Amino acid sequence: MRLLKITIICALLFSFSQGYSANGTDPRLKKVLDTAEKYNNTVLAYVPPPPFEICDPGTDEWIDYEKYGKFSGLGTDKYEYKITDLKGIIDASGEGIYPNTKSVLKSRALSQYLKDNKKRKLSELNSVKWDDYQGNFYKWSLYKEEHPGVILFMTANALEKSGNIKHAIKAYYSGLVFFPKAVGWTQWGTPWYVAPVCLAKIKYLTREHPEIGIKLEGESLIIKNGFDNDITNDVFLINPGKLVPATEKDFKMKTEDLSKMPFKRIAGKGKVKLIRYQNGHFALTVNDKPYIVKGISYSPSKTGLSPDFGTLNNLRDWTYDDYNKNGRIDGPYDSWVDTNRNEKQDKNEPNIGDFALMKEMGVNTLRIYHFDGLNKDLLKEGYEKYGYMYMIGDLIGMYTIDSGADWYIGTDYTNPTQKKNMLESVKRMVLEYKDKPYVLMWVLGNENNYGAVTDGHTPGSGCLAQEQPEDYYRFVNECAKLIKMLDPHQRPVAISNGDTYLLDYCVKYAPDIDIFGANVYRGDYGFGSIWKDVLREYSKPVLITEYGCPAYAVDWSTARIEHEQAAYHKNNWIDIRNNTAGVVGGTGNALGGVIFEWTDEWWKSGYTFSPHEHTTVSQWQGPFLDGHAYEEWFGICSIGDGEDSPFKRQLRKSYFVYRNLWK
């Protein structure tokens, strides 16, 4: 073992003496990236089709609802809007926007659509493809069922995706005014609140299209008791606000100088501190300099291997892999960029390494988990040569790791033996890493709150936290206290929750958590109400511990997919940035985010499919390109056809979006 350790250290030192500069862009690296970006901008150029025609845009460009009705109970649970001039508001709204549900039938564009698509009945529109946005607009605007708020949202979404932005904003705002209490349901039977998404969509679209000349102001939407699955106890406090004229200047990001602002609170005794300023904003600092987490989930693995078959521990193996036997760790130091995507390494495509590629992209943080035998020399080199800090995590029983529970039953947070096992794991983590200068924070769990009872025959998420919320969050707090007792530097302790589900339990039973971290996949508009919800309920900063978008959609071209994935990432990051400390108009409690993930992982389809294949089967429905999540496609780097794994990298357009935003 000692000889192996010496060999690894020497190999790492050699890799840097032969590799690419971590300080400034090496000319060779710059040439590779410029070539890859040129390929993306030419061969994979994508221009969205023009919007379809809206034949009846309405008599009012933007509707002042007070002209056609009366508001009452604004900002309270007694909110109501009553129409006093039905004809006027129908005419003002335009086709497809409630309460104008009939003028679509007179649309010449509809007649032409039916003719072009050889459809004879409107009922056939019920089976239109997801990305046939014109057909979807007709389908939803003419749909008749008992959830008009959901129908109106889907109508607005079809308008937005088709490029009819102004009409989409009118539709989303109509949803806020008429159906602020609308609830849809996910495939897991959990509630999905429509109005907060409508509000977030309006904010996002008006910001992205300042030329439209409108903004929403005065809005307020609070859903009390909205963090569980019981909609009967919900209390809605509603004020839809008003759409008012705006100029491009209104959407320019403005900041205030925090360098001289007094601190309200400082946590941390070492190089990492968590600060709350007098204005209520939160920030991390490293060596007394502001630090926004520009993070990524990093665990590259060779195709054909899978933890489901016992051939891969992807949380540690990447720190040792040396398949080409050259004495260097494969992913961090020997990966190469397939700049022209011809699936082979050309002479002008040298081995560069992920560490250099990620540094050039602007990454400053890697999210990893502590596991016995993790290569700390590699982590040290990443810190010293590339400046990477690490979020060190313990899964506290997710996937039954370290709890000793049966995989088919799940970790039981009422079981004293299992809790003892997990506390020992947390203790090992802190004692092992407490004196490492590269530790940014400690992270507990990974969406444990989604863990539920299975049938006892098929593996689930490996824990029972959803069934035992009080016990789970009490245990989280116990872990946080243990960490703070053991860590002399008092680094921040974060949870990694699944969105804000069960936030109320977290607030009540885990007060010693410093950072509310959450894996959040809400859509291309960003993260919506999470910033205000957590600040209002928990008075904590927020770190998005996972976010991203799959680079796959059924029957879409690669150019279109990568264009949309890049836009998704861009808008998610802008939402994070706009809520960081010092940004005027934001909540000031965003600490950054962690992209999920660096490369595609081909083993994610589990026992059903081979890890030698890049599977295109959807695991769940979600707010992604074609409405589905494809777990094997979340990378901002592709590994191409899987040959020459784990070395080949094809940089998707998202990579260059971050290179621009983060650098």
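Predicted model: local features only at pLDDT ≥ 70, side-chain atom pairs only at ≥ 80, totals over all residues.
Biologist: Is D499 buried or exposed?

Modeller: D499 sits in the loop between β18 (493–498) and α14 (503–509). Buried means under 20% relative accessible area, and because the relative accessible area of D499 is 15%, this residue counts as buried.

Biologist: Which residue is joined to D499 by a side-chain polar contact of 2.5 Å?

Modeller: Leaving aside neighbours within four places in sequence, D499 is in contact with several residues, including Y450, F516 and N519. The side chain of D499 also makes a polar contact with the side chain of T500, at 3.4 Å. The polar contact of 2.5 Å, however, joins the side chain of D499 to that of R522.

Biologist: How far apart in space are D499 and Y450, C-alpha to C-alpha?

Modeller: Y450 is among the residues in contact with D499, although the two are 49 residues apart in sequence. Taken from C-alpha to C-alpha, their separation in space is 9.6 Å.

Biologist: Which residues of β15 point the other way from T365, R367 and Y369?

Modeller: In a regular strand the side chains alternate between the two faces of the sheet. In β15 (residues 365–369), 5 of the 5 residues are buried, and T365, R367 and Y369 point one way. The residues that point the other way are L366 and I368.

Biologist: What is the bridge partner of Y369 in β16?

Modeller: Strand β15 runs parallel to β16 (residues 389–394), to which 5 bridges join it, and together with helix α11 (residues 376–386) these strands make a right-handed β-α-β unit. Within β16, the bridge partner of Y369 is G393.

Key
Residues numbered from 1 in each chain as written. Heavy atoms only, no water. Helix = DSSP H or I, 4+ residues; strand = E, 2+ residues; numbered from the N terminus. Buried < 20%, exposed > 50% of the residue type's maximum accessible area, 1.4 Å probe, protein only. Contact = heavy atoms within 4.5 Å. Polar contact = N/O pair within 3.5 Å; in protein donor to acceptor, adjacent residues only side chain to side chain. Pairing = 2+ DSSP bridges. Right-handed = clockwise from strand over helix to strand, strands pointing away.
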